[in-house]
Amino acid sequence: MGIPERYRAVAAEVAAACADAGRDPGEVRLVAVSKTVGAEGVGEALSAGARDFGENRPDQIVPKAAAYPQATWHFIGNIQSRRIPDIVASSALIHSLCDLRHGERISDAAARLGKVQDVLVEVNVSGEPSKSGVAPTDAPALVRALCALPHVRVRGLMTMAPRGDAGADRASFEGLARLADEIRPTLDPRDAEAFDELSMGMSEDWREAVSAGATIVRIGRAIFSDEFEETPA
Ligand SMILES: *Cc1c(COP(=O)(O)O)cnc(C)c1O
């Protein structure tokens, strides 16, 4: 199989998993994480119907978003202050915000571009020291502080599960969903209404994420790598 066939297969599996979980497939957006391929790979996935793409480096998202402005671009990587103007110029949604000072700079950069930047707050639900993201206990205050910025709209939360342990994956996805449910009622009504996205689940664990309530799954290798094989659950 090539990229178009793998994209179509994954999209069909995500839709089927939604149906199994009693959810409308329209509730779950598939972000094709194209960080391991060049612009041609993006073009192949687009031709198969992909609309949302994720990148974790400014050097990648800037040229790819310029080459394919018809796609919706998601920034999912580590944020460096000096690259914030580039990230804001290229991204419809930034998934990986976990620092208020970065939020302030994002708001300033968005103001200069005359946009409001949609963001997610990345939460380190599992508490692994190697993972980025804010601690769950610090997330509510960070979300509220970000909501006060004029050119930032907080759309929800994002997490990465521990690798290769289905039980731990499920616990961290359910933890993220619970945290969002705790935060939402503490927000102003307008902010609460916008706070409706849960970005969770990758090639190996997206099924658990869909059943725990993901609204965005971020899938790379299962679409773009001909070597990916799912480890049986
Ligand atoms: C690379 C990456 C993904 C996709 O991972 P796969 O295992 O290739 O599906 C998802 N989210 C983030 C933040 C990533 O960096």
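## Core and cysteines of a predicted model

Leaving aside neighbours within four places in sequence, L157 is in contact (heavy atoms within 4.5 Å) with L120, V121, V123, V143, L176, L179, A180, I183, F195, E197, L198 and S199. This is a predicted model, in which local features need pLDDT of at least 70 and side-chain atom pairs count only at pLDDT 80 or more, while totals for chains, interfaces and linings use all residues. Residues are numbered from 1 along each chain as its sequence is written, and side-chain values use heavy atoms, with hydrogens and water left out.

A nonpolar core is a set of buried Ala, Val, Leu, Ile, Met, Phe, Trp, Tyr and Cys residues joined through side-chain atoms within 4.5 Å. Buried means under 20% relative accessible area, exposed means over 50%, and partly exposed lies in between (1.4 Å probe, protein chains only). In the largest nonpolar core, which has 67 residues, F53 and L157 touch the most other members. A second, separate core has 5 residues, including V31, L93, L120 and I216.

| Residue | Relative accessibility | Class |
|---|---|---|
| C98 | 29% | partly exposed |
| C147 | 16% | buried |
| L149 | 15% | buried |

L149 is placed in the loop between α6 (139–147) and β6 (152–158), where helices (H or I, at least four residues) and strands (E, at least two) are DSSP runs numbered from the N terminus. Not counting residues up to four places away in sequence, L149 touches L100, G103, E104 and S107.
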